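We will go from stop to stop, and at each one you will learn what to select next.

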Amino acid sequence: MRRDCEWFRHLSAFDQQELSRQELTFLRNHAADCEECRRYSTDMRLLADVLQSAVIEHEGSQSFVDEVEEEVVQSRVLDKLNVWRPALLAALTTAAAVLTMLHVLTSQPVTPTLKPDDQPTAEAKVRIDLFEEAEPAPALEESDRG
Amino acid sequence: MLEWRDLQGEKVKEFQASVPFESVEAVDPKAEEAQLVLRTRQGDQNALRELVNRHRVRLIRTAANVLRDPMEAEDVAQEAFLKAFRELHRLRDDRAFASFVYRICVRLCVDRLRVKRAEPAELEPRQEAQGGSIETRMLVEKVLNQLPPDLRLTLVLREMEQMSYEEVAETMGVPVGTVRSRLHTARERFRALWNIATREEESY
């Protein structure tokens with residue numbers, strides 16, 4: 001097949017509105033010159049007509065809507081649709097409650113407030129004694145600092 | 001002092017107040033559709049019936065032309081509606097229910113075509129004359145049966161359902177360029193097969 005014929009068939013696949021004026025002119029001129037592509041164009045138009053003439057205009061039976069509704073009811077599709085929304089709502093409410101609780105718990109003051117006459121606990125006393133018994137750290141000399 | 005703009009604003013407000021909210025909504029069919037989908041989600045069977053009634057003709061017609069069998073088309077359309085309602089939670093925009101259910105229906109048609117191609121061809125012709133002659137319809141059916149599902153679907157959506165390239169692309173979930181090249185191939189193959197089929201018919 002010639003390059004022009006290939007190009008002709010390629011452009012034929014487009015809608016006329018999609019083609020530029022140059023492309024339309026090429027289609028017209030090539031069809032005038034090439035008998036094979038002229039036949040191709042005619043075949044394509046016939047093909048469209050043949051397919052149009054074979055269209056089935058079937059709208060379905062009168063009971064179609066009832067049948068679909070019955071199937072939906074039997075398979076409980078609507079119930080399932082109804083269920084997931086309240087379930088999601090409940091899950092979100094629970095999650096929100098848990099998060100609020102966690103926030104409240106973690107925002108409690110960690111260090112207790114001390115009053116002047118509070119006595120140290122036994123554990124605190126041991127720590128204080130250990131601190132007082134420890135030797136003071138040696139003071140840094142000038143040479144140590146480099 | 002009131003200016004012309006303010007007066008205009010007042011007039012707009014007066015007009016808005018005089019038009020009932022329901023009638024503003026009813027003007028937009030997509031908004032109405034979204035309402036029906038919402039009501040269906042809430043379990044309203046009347047809304048479900050209305051949705052089925054709105055879209056059944058288009059779905060059954062397309063399925064009948066793709067499958068070339070009106071009875072099977074009804075089965076597929078019914079299956080498509082059921083699947084759409086079952087998967088309603090996947091629908092992000094309630095206004096897009098029409099294309100959602102249509103895409104499901106077309107996909108089911110392609111699945112059936114794939115199964116059919118794997119099975120031996122049915123020989124018994126269906127005698128339902130509509131439009132063209134029975135012979136033409138049978139020949140079209142015979143040729144369409146020989147095309148791969150994707151090419152057949154592209155050809156039917158474009159040539160029989162008269163959809164634009166963009167609509168075919170959206171329905172099939174492929175780029176417009178793919179639709180164009182598939183259509184080109186489908187037409188070429190249909191033409192070749194059609195010529196063979198008509199020559200065979202003439203020789204009988």
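Begin in chain B by selecting helix α7 (residues 134-145) and α8(B), which pack at about 140° with axes 10 Å apart. Axes here are lines fitted to C-alpha atoms, for helices over the stretch in contact, and angles run from 0 to 180 degrees between N-to-C directions. That angle makes α7(B) oblique to α8(B): under 35 degrees counts as roughly parallel, over 145 as roughly antiparallel, 65 to 115 as roughly perpendicular, and the rest as oblique. Helices are DSSP runs (H or I, at least four residues), numbered from the N terminus.

A word on the ground rules: this is a predicted model, where local features need pLDDT of at least 70 and side-chain atom pairs count only at pLDDT 80 or more, while totals for chains, interfaces and linings use all residues. Residues are numbered from 1 along each chain as its sequence is written, chains are lettered from A and ligands numbered from 1 in the order in which they are written, and side-chain values use heavy atoms, leaving out hydrogens and water.

Now show side chains. Val140(B), Leu144(B) and Asn145(B) in α7(B) meet Arg152(B), Leu155(B), Val156(B) and Met160(B) in α8(B), where contact means heavy atoms within 4.5 Å. This contact has five nonpolar, one polar and one charged residues. (Ala, Val, Leu, Ile, Met, Phe, Trp, Tyr, Cys and Pro count as nonpolar, Asp, Glu, Lys and Arg as charged, and the others, Gly among them, as polar.)

Which residues of α8(B) and α9(B) meet? Asp150(B), Leu153(B), Thr154(B), Leu157(B) and Arg158(B) in α8(B) touch Tyr165(B), Val168(B), Thr171(B) and Met172(B) in α9(B). They divide into five nonpolar, two polar and two charged.

Next, select helix α3 (residues 29-41) and helix α4 (residues 45-67) of chain B, which pack at about 135° with axes 7 Å apart. Therefore α3(B) is oblique to α4(B). The contact of α3(B) with α4(B) has six nonpolar, three polar and five charged residues. Among those to highlight are Leu36(B) and Val37(B) in α3(B), and Leu48(B) and Leu51(B) in α4(B).

For the last stop, select Ser12(A), Phe14(A), Gln16(A), Met44(A) and Arg45(A), which lie nearest the centre of the second largest pocket among its 27 lining residues. The largest share of that lining, eight residues, comes from α3(A). By class, the lining has 14 nonpolar, six polar and seven charged residues. A pocket is an open set of points on a 1 Å grid over the protein atoms alone, where a 1.4 Å probe fits, with protein on both sides within 12 Å along at least five of seven lines; lining residues have an atom within 4 Å of a point.

Note on methods
Helices (H or I, at least four residues) and strands (E, at least two) are DSSP runs, numbered from the N terminus.
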